[in-house]
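User: I am new to this structure. Could we go through a few of its parts together?

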Amino acid sequence: MKLAIIGTGYVGLVTGTCFAEVGHQVVCVDSDAAKVKTLQAGGIPIYEPGLEELVKKNVAAGRLQFTNSTAEGVQKSDVVFIAVPTPPQPDGSVDLSYIERVARDIAGAMTGYKIVVDKSTVPVKTGEKVTETIKRYCAAKVEFDVVSNPEFLREGFAVGDLMKPDRVVIGVGSQRPVAAMREIYTPFNAPIIVTDINSAELIKHAANSFLALKISYINAIANICEAAGANVQEVAQGIGLDERIGRRFLNAGIGFGGSCFPKDLSAFIKISEQVGYDFKLLKEVQRINSDQMERFLKKITDTLWVLKDKKIGVLGLAFKQNTDDVRSSPAIDLCQRMLKEGAALRVHDPKGMDKARALLPDVTYVEDMNAVAEGCDALVVATEWDEFKKLDLVRAKKSLTHPIMFDGRNLFDPAEMEKLGWIYKSVGR
Ligand code: UDX
């Protein structure tokens with residue numbers, strides 16, 4: 001199939017690359033000229049495991065191109081995917097101006113039948129607006145179909161999630177685009193669900209909000225575990241083995257962050273309000289999430305008493321492991337809170353340090369995770385990177401003035417830490 005992807009952020013770039021990998025002919029479009037130049041030269045603007053190799057391979061095979069021109073993308077393809085940002089506005093609602101702009105640009109470039117697919121996360125009924133906009137701005141008055149095809153990829157695992165999706169959701173207003181959409185996704189061997197457009201749009205917000213709810217639920221359980229002297233990881237295992245519940249997304253910690261969950265929750269609460277439903281359950285999910293950070297910070301101040309003039313080592317800046325993304329990262333939030341209390345920080349993240357510099361200009365960046373603790377009063381784990389589990393605990397203990405660790409991601413075994421002589425505080429254990 002001949003495909004265009006408008007927008008080469010996380011979703012657009014990974015989607016376009018994986019489509020090329022299974023044999024489709026793909027043109028990726030971005031308005032950022034510098035980014036297009038980087039991509040054309042084989043550079044990747046984001047860190048995503050496995051992506052760079054796939055981009056290089058498919059560019060060399062002639063299946064993947066990059067351009068600045070939406071018109072070129074539209075003219076070279078049968079199906080045009082919209083993958084532009086839908087950022088939050090101050091009131092929690094979604095800014096749809098990029099979607100509207102792209103819909104107009106696509107309309108202006110269409111000279112024959114096209115399928116226009118929305119991949120960006122959008123409020124329910126956006127498909128109707130995109131359809132109206134294309135009709136209004138398409139001077140050639142050609143036929144087209146709008147499809148909703150939400151993306152469920154996780155940063156850090158995006159290539160795997162795209163190549164082996166749990167499901168593909170295709171929301172349509174008529175049967176005409178269904179065969180082409182099926183053909184695009186057949187190589188991925190995933191269950192394909194065909195729905196109406198509104199349902200497809202709702203599936204995305206409903207899925208992300210449910211996952212966020214699962215995390216807040218286990219964080220609430222963690223707080224009860226702490227008060228009652230139980231272990232949240234054992235509780236998570238005990239409930240997670242029930243197939244109806246599932247063990248995944250039951251890791252307690254300092255809360256969820258990133259560019260999706262916080263934004264999608266706010267958007268879904270707003271969308272619900274607009275259709276006349278007060279989604280109090282999701283408001284509570286948000287409240288538990290922000291409270292989780294406060295509780296962790298209190299654990300630190302309860303132990304260290306005054307943070308002013310204390311030196312604290314921090315492992316983790318990215319909002320989760322396997323990514324360099326620090327947007328809405330609980331780890332950054334925690335650092336900013338400790339800085340505000342007057343602490344000095346030595347920080348390390350395997351991939352997130354470059355992007356963190358703008359948000360945390362006044363901390364010491366340490367290249368070697370084993371050197372972070374040097375001269376510090378305590379060590380804090382803020383992101384769930386697997387490699388932190390390999391920290392040299394003997395060296396870290398010697399480097400600290402007192403062997404105190406606050407583990408916001410439950411990476412170490414409390415009994416083991418106690419045996420090694422640490423004062424070890426984690427979450428829900
Ligand atoms: C999420 C969805 O998983 C994905 O399907 C959607 O397309 C985009 O949003 P992403 O934001 O990349 O993906 O990250 P995810 O792996 O879901 O983690 C989100 C946050 O939740 C992270 O801050 C992570 O640390 C936290 N988390 C996750 C927990 O605190 N506990 C868990 O058990 C799982």
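User: What do the buried residues of H6 pack against?

Analyst: They pack, with heavy atoms within 4.5 Å, against helix H5 (97-109), strand E5 (114-118), strand E6 (144-148) and helix H9 (197-228). Helices (H or I, at least four residues) and strands (E, at least two) are DSSP runs, numbered from the N terminus. The model is predicted: local features need pLDDT of at least 70, side-chain atom pairs count only at pLDDT 80 or more, and totals for chains, interfaces and linings use all residues. Residues are numbered from 1 along each chain as its sequence is written, and side-chain values use heavy atoms, leaving out hydrogens and water.

User: Which residues of H6 are buried?

Analyst: Thr126, Gly127, Val130, Thr133 and Ile134 are buried, where buried means under 20% relative accessible area, exposed over 50% and partly exposed in between (1.4 Å probe, protein chains only). Seen down the axis of H6, these residues fall within an arc of 125°, so they line one face of the helix; the arc is that of the directions from the helix axis to the C-beta atoms.

User: Which exposed residues does the face turned away carry?

Analyst: That face of H6 carries Lys129, Lys135 and Arg136.

User: Changing topic, where does the ligand have polar backbone atoms around its oxygen atoms?

Analyst: A polar backbone atom of Leu153 is 2.9 Å from a ligand oxygen atom, and a backbone N or O atom of Gly257 lies 3.0 Å from one. The protein covers 94% of the 670 Å² of accessible area that the ligand has on its own (Shrake-Rupley method, 1.4 Å probe; for residues, only the protein chains shown count as cover).

Key
A polar contact is a pair of N or O atoms within 3.5 Å; within protein, one must be able to donate a hydrogen and the other to accept it, and residues adjacent in sequence count only if both atoms are side-chain atoms.
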